[in-house]
Every structure is written in C-alpha cells, then in structure tokens.
Amino acid sequence: MKMKKITLGCSVIAMTALFLIGCNKKANVAPEQDMEFQSSKDAAFANSLVTEIDIIAGYLGEREYNNSFFNKAPGSAGAITITPDTLNKKLSVTYSGSVTCSDGKRRDGTIVLDYSASNVALYNAKYYRDAGFVAKVTLNNYWVEGWTLDDAVPFVITNNAPFGYDRATTDLSWTLDGYFSVRQDIFVSDSSKSMIWKGKLVKTLTNTEDVNILKANKQFPINWALYNAAGTATAGALVAYTGSVTGVTSRIVSYNMFIDNAKPETALVRDFKCAPEKVLAVTSTPTVVTTTSEWHPFISGVASFTSNGAGTTEPRLIDFGSGEAAPACDNAGFVTIKGITYAIDFKK
C-alpha cells in the first residue's frame, strides 16, 4: 500500500512536469516579410543622376545651348556659363551660385565634354548624333540638389551608329560607361550615406525616324523636346536604357542592377514629352509667361536588383511602370519581393 502511494505520487509529479514543459513551449512565429525598399530607391536614384549627366552631355554635344539644363529657372540666383573650345574639341557648362535649372534642380560645378577622341578624319564626327562621336565627360566639383557626384574615371559616351546610317531604319544609340561616387553633402562625415555607381548602359533613341526629332538630312540637332506657343509638348525624344550596374549603397552594401537588352519591353524609358511637374514657374512681368519643366524621369521599364545588405538578400524587381499601354507620367513605381508587389515613390 505504501509503495502504491509512492508510485502514484511520482506519476503525478512526472505528469505535472510534462504539463509545465508543454506550456512553456514557444508558439510558432511566422517569418517577417522582407519589406526593405530603401536600397532599391537609392540605386534607382544614383542611376537617374548619372543618366542625367549624359542628357546634359547630349544637349552640349548637339550645341543646344539655349535649352533645358542651360536655362535658369525664372527668379533663380546664380549663373550658367557655356564655354565652347572648338580648337581643343571641348565643351563645358559651369553652374554657379546654386543656380536652379529648368528641370527644377539646383546645380553647382562644371561638366566638361571632351570629344577629341571622335573620328573626325573619316566620319567628320563633331556632334552627339554623328557616327564616330566619342566623348569623355569629367566633373569638377559637380553638385546637384545636395548630392556631389565625382567621376573615378572619365565618363565615356560612344555613338554606336554605323557611318552613313539611315535614320529612317536605324535607331541612334550610345554606350555609356562610367564609375561615380555619389555623396549627400549633409552627411559628408558619415560615409554610410555614400553610394557608388559603376556601369555600362546602352541608350537608344527609339523614335530616331521621327522627323520632328531628327531631320532627314541629319544636319540639324536632335530635338529632345518640342513645344507649341502655349508651352504644350508636341513631340519628344523617347530614349530606352539597357545594361548592367554594380555599386554600393550605404558605404559597403554592394548591389547589382540589370536591365535586360534581350527584352526591349523591359528597357528603362524616358519620354521627353513627359514632365510630371509640368509648370516650372509663372512670371507676370511684363506679361504672363509660363515656363515648362524639363524634368523627365523614367516612366517605364523593369530592372532586376540584388543587394547584399542584412535582410535584403532576396532578389527584387524594380518596376518603373511596365506593362501599360500608356505609362503614367510620374515618378512612381513598384518593388516586387518574393512575389509580393509594393508601390513606392522614387527620389527626384
């Protein structure tokens, strides 16, 4: 009888212990969804800044000194100075006094376009649109909206068109090859805010055949954007970018971005007829004049993106507005991570 009581008591103790262990067992917790978007935004922003340098070079190389990035916004302080040096085949633009340009962005510093490597002897290549045109772009204290861009090596722009190309059947294209650091000046002492862009892109003027954009005889500059008297865009260049970029966001977090040239529908597209901020300024002296904005962001295309940052190793798709018959004229898009798509706004 005594032994039975002891045995029963031990059984109760054992069952109680098992119950307590069962109660203390942690419940299953679902893994947190990866929702890190900043690296995608930063890489897209760096890509936008670098390709804007090419746009400025395109205006310089076409000698369109009275357009877009060479016009001050009404009421802006500062100055924009163009210095052509045809003897040494150099063209430069200097922004001073944090001048606001016609895309609404403030700039300082100098951009120099050296086209002395162009094939002038055989092709008479003097302009951005010419077959055989090659330019090296260097920056001197160049700054845009609080971000300093520094070229580790000269930014090389090469026209890929064959000599004597027929603009009706051949789209102009340029290879853009560069290596830049991108630093936000407010965080100059914090290297974690620095980025690097190193890439090779091909930019294609997909409506080269449009006589409003490039005249049949190719003796006139590319019309990047055309407006009527009311300031409404009637025609604009369509440029598509493909290629690959590597770099870092936040100092040491490396990334890769790829735009597939085998899929034209995924190329990153700028439409110079599209300006999300349509009106830059309105002046009323001596008469009312509306100044049109020349800020033209990417409005369609898809880039695959991978980052090595903690918690960001899942591949992403950065979508600037693909799959739309008429892409929206905005600076918004989507990031897709593990099949889940999130809407985002890109940096200007």
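I started with the nonpolar surface patch: L122, Y123 and F163 make one of about 350 Å². For patches I took residues with over 30% relative accessible area and no salt bridge, joining like charges within 9 Å and nonpolar side chains (Val, Leu, Ile, Met, Phe, Trp, Tyr) within 5 Å. A salt bridge here is a side-chain nitrogen of Lys or Arg within 4 Å of a carboxyl oxygen of Asp or Glu. Areas are Shrake-Rupley values with a 1.4 Å probe, and for residues only the protein chains shown count as cover.

A note on sources: this is a predicted model, where local features need pLDDT of at least 70, side-chain atom pairs count only at pLDDT 80 or more, and totals for chains, interfaces and linings use all residues. Residues are numbered from 1 along each chain as its sequence is written, and side-chain values use heavy atoms, leaving out hydrogens and water.

Next I looked up L122, which sits in helix α3 (residues 120-123). Helices (H or I, at least four residues) and strands (E, at least two) are DSSP runs numbered from the N terminus. L122 is exposed, at 65% relative accessible area; buried means under 20%, exposed over 50%, partly exposed in between (1.4 Å probe, protein chains only).

Then I turned to backbone angles. Most residues other than glycine have a negative phi. E145, not a glycine, has a positive phi of about 50 degrees; I found E145 in the loop between β4 (134-144) and β5 (147-159), partly exposed at 33%. K338 also has a positive phi, near 50 degrees, and lies in the loop between β18 (332-337) and β19 (340-345), exposed at 58%.
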